[in-house]
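Please look over the protein shown here before reading on.

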Amino acid sequence: MKASSTCSSQFLALFLALALTALVLVSSWIHSPNFSSFLGSWSWKAKQPTSLDIEIDRASTNEGEPPSSSAFPLQTFAPYDSHDGEKLDTNFKHKGTDKVNVRDHKYSKLEKIESKLAKARYSIKEASKVQNLTSTHQDQDYVPQGPIYRNPNAFHRSYLEMEKVFKIFVYEEGEPPLFHNGLSKDIYSTEGIFINEMEKGRYYRTNDPNEAFVYFLPFSVVMMVEYLYVGGSNDKTPIGVTVKDYIHVISHKYPFWNQSLGHDHFMLSCHDWGPDASAYEDNLFNNSIRVLCNANTSEGFKPAKDASFPEMFLKKGEITNLVGGYSPSRRTILAFFAGHLHGYIRYLLLDTWKNKDQDVQVYEELPDEDSYHTKLRSSKFCLCPSGYEVASPRIVEAIFAECVPVLISDSYVPPFSDVLNWKAFSVQIDVKDIPNIKNILMGISQRQYLKMQRRVKQVQRHFVPNEPPKRFDVFHMTIHSIWLRRLNVRIHDDQ
């Protein structure tokens, strides 16, 4: 018994000695440069150290299938998800700015912003449970109703919450004509109209960056192409470098870009090269909200964080004489398209239908005696094939002319798909079915066509640019798309 006790005492003494030695070694290592190197390596992999924590919620859908028209797409407060079926469910930590700023008033305001967003999310989620085709919320201007909406009640609630709290800060850096300026006419008019409206500051804009929910990067890709691109060179580098340099400037002057790695920032472009310009800055391409006419999922457009933007051709920058069409009884043409050869989809369309059928009237060049807009107003269905890029101004032209749009494209996300049920007021035809266009359209009953045509007239208000903007018009719907994506990002003070 005594020998056993002596052995135990010796073992305990040996264990304590080893433990003390190990503690000394660990303590020495922690204070050595080697530990700092290890920690730095680990922090990079885990996206730490951090002063903020960002959570990104995404609603996953099946490939090519939007959520049910009876359910609001923010099922987990996420906009319309990607067509490729990718689940973008992310919860990560990231590098913050100098820790001196962590406890200042910015973060108390950040907490207030996130609190308001949390209340809005809850309110929208509750509203989405109402499956009525008419919103139950009161509104003196307009009450969303009918099958053109995924969920009228949830959309209306979201819109009202946006009007109540949403604020946007526009960076003042940069000089016209490349910044704070855009063309408000011709094919890229919507880009200029939006930028110019934000410069006027009549809606949503705040001059205090600490109370902003999102931050607008006010560069115009259209103007950069105009002033920086050397015609025929196919070199987009000067445009991309300008965008990258601008991010460098604002990220060093302000803390906001670095704090969120760009997740609460947005750019807007209707030019085909908008996605290319954003690709020169990784966080802009991968994290920021990109509002793009060229909404092509095969080229990196992610509907869960990016927003599709309507393209419209306003020759003089106004919609005078463009809105309105003939009654259904006066629409004698089944389907109409006129446009130059521009991409493989149009090649197939023209090759199959040009000068082939009086019901499906397809022109590469409209005869001088015919009016383009009269043809639109006289047609039941207006064909809207993609060109070299997926977006086409013909979609909005069709809606203005109260002609049911026929979308023929690959990988295109139509504008405002978060809340609009495009299947209720448009026809979507696969490229492989171009030879079957007539059979497909003839297969739509007169009763169903009349319903779709009435819905086109109803949805028109969401695409009209007004001066000044009116509630629920294209400007406010674009802001709402940005609002939905900000709802999708939660930023937390992690100290």
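This is a predicted model: local features need pLDDT of at least 70, side-chain atom pairs count only at pLDDT 80 or more; totals for chains, interfaces and linings use all residues.

## Overall make-up

The protein contains 16 helices and 14 strands. It has 495 residues, of which 53% count as buried.

## The six-stranded sheet

Six strands form an open sheet in the order E4-E3-E5-E6-E7-E8, and the pairing is parallel. Strand E4 (205-206) and strand E8 (307-308) are the edge strands, each pairing on one side only. Strands of a sheet pair through backbone hydrogen bonds, either parallel or antiparallel.

Along the row, E5 and E6 pair in the parallel sense over two bridges, with Phe216 opposite Phe266 in E6. E6 and E7 are joined in the parallel sense over four bridges, and here Met267 stands opposite Arg290 in E7. Strand E7 (residues 289-292) then pairs with E8, again in the parallel sense, over two bridges. Leu292 has Ser308 in E8 as its bridge partner. Helix H16 (residues 474-487) packs on the sheet and touches strand E3 (168-170), strand E5 (214-216), strand E6 (265-269), E7 and E8. The direction of H16 makes about 155° with that of E7.

## Strand E6

How many of the five residues of E6 are buried? Five of the five are buried, so E6 is largely enclosed by the rest of the structure.

In a regular strand the side chains alternate between the two faces of the sheet. In E6, His265, Met267 and Ser269 lie on one side, and Phe266 and Leu268 on the other. Both faces are covered, with all of these residues buried.

Helix H7 (residues 237-253) has 17 residues, which at 1.5 Å a residue should span 24 Å. The end C-alpha atoms of H7 are 24 Å apart, in agreement with that expectation.

The buried residues of H7 are Ile239, Gly240, Thr242, Val243, Tyr246, Ile247, Ile250 and Ser251. Viewed down the axis of H7, its buried residues fall within an arc of 165°, so they line one face of the helix. An α-helix has 3.6 residues a turn, so residues three or four places apart point the same way. The face of H7 turned away from its buried side carries His252 and Lys253, which are exposed. Against the buried residues of H7 pack helix H6 (221-228), helix H8 (256-260), E6, helix H9 (274-278) and helix H10 (282-286).

In H6, the buried residues are Val221, Val222, Met223, Met224 and Val225. The elements covering them include helix H5 (189-200), H7, E6 and H9.

## A buried loop residue

Asn210 sits in the loop between E4 and E5. Is Asn210 buried or exposed? Its relative accessibility is 15%, so Asn210 counts as buried. Asn210 and Lys109 are 101 residues apart in sequence, while their C-alpha atoms are 6.6 Å apart in space.

## Backbone features in loops

Most residues other than glycine have a negative phi, and most peptide bonds are trans. Several sites in this model depart from one or the other of these patterns. A cis peptide bond joins Pro176 and Pro177, with omega at about 10°. Pro177 belongs to the loop between E3 and H5. The peptide bond from Glu467 to Pro468 is also cis, and its omega is near 0°. Pro468 is found in the loop between helix H15 (446-459) and H16.

Phe472 lies in the loop between H15 and H16. Phe472 is not a glycine, yet has a positive phi of about 70°. With a relative accessibility of 0%, Phe472 counts as buried. Ser411 likewise has a positive phi without being a glycine, in this case about 65°. Ser411 is located in the loop between strand E12 (404-408) and strand E13 (427-429). The relative accessible area of Ser411 is 28%, so this residue is partly exposed.

Definitions and conventions:
Residues are numbered from 1 along each chain as its sequence is written. Side-chain values use heavy atoms; hydrogens and water are left out. Buried means under 20% relative accessible area, exposed over 50%, partly exposed in between (1.4 Å probe, protein chains only). Two strands pair if DSSP finds at least two bridges between them. Contact means heavy atoms within 4.5 Å. Axes are lines fitted to C-alpha atoms, for helices over the stretch in contact, and angles run from 0 to 180 degrees between N-to-C directions. The expected span of a helix is 1.5 Å times one less than its number of residues. The arc is that of the directions from the helix axis to the C-beta atoms.
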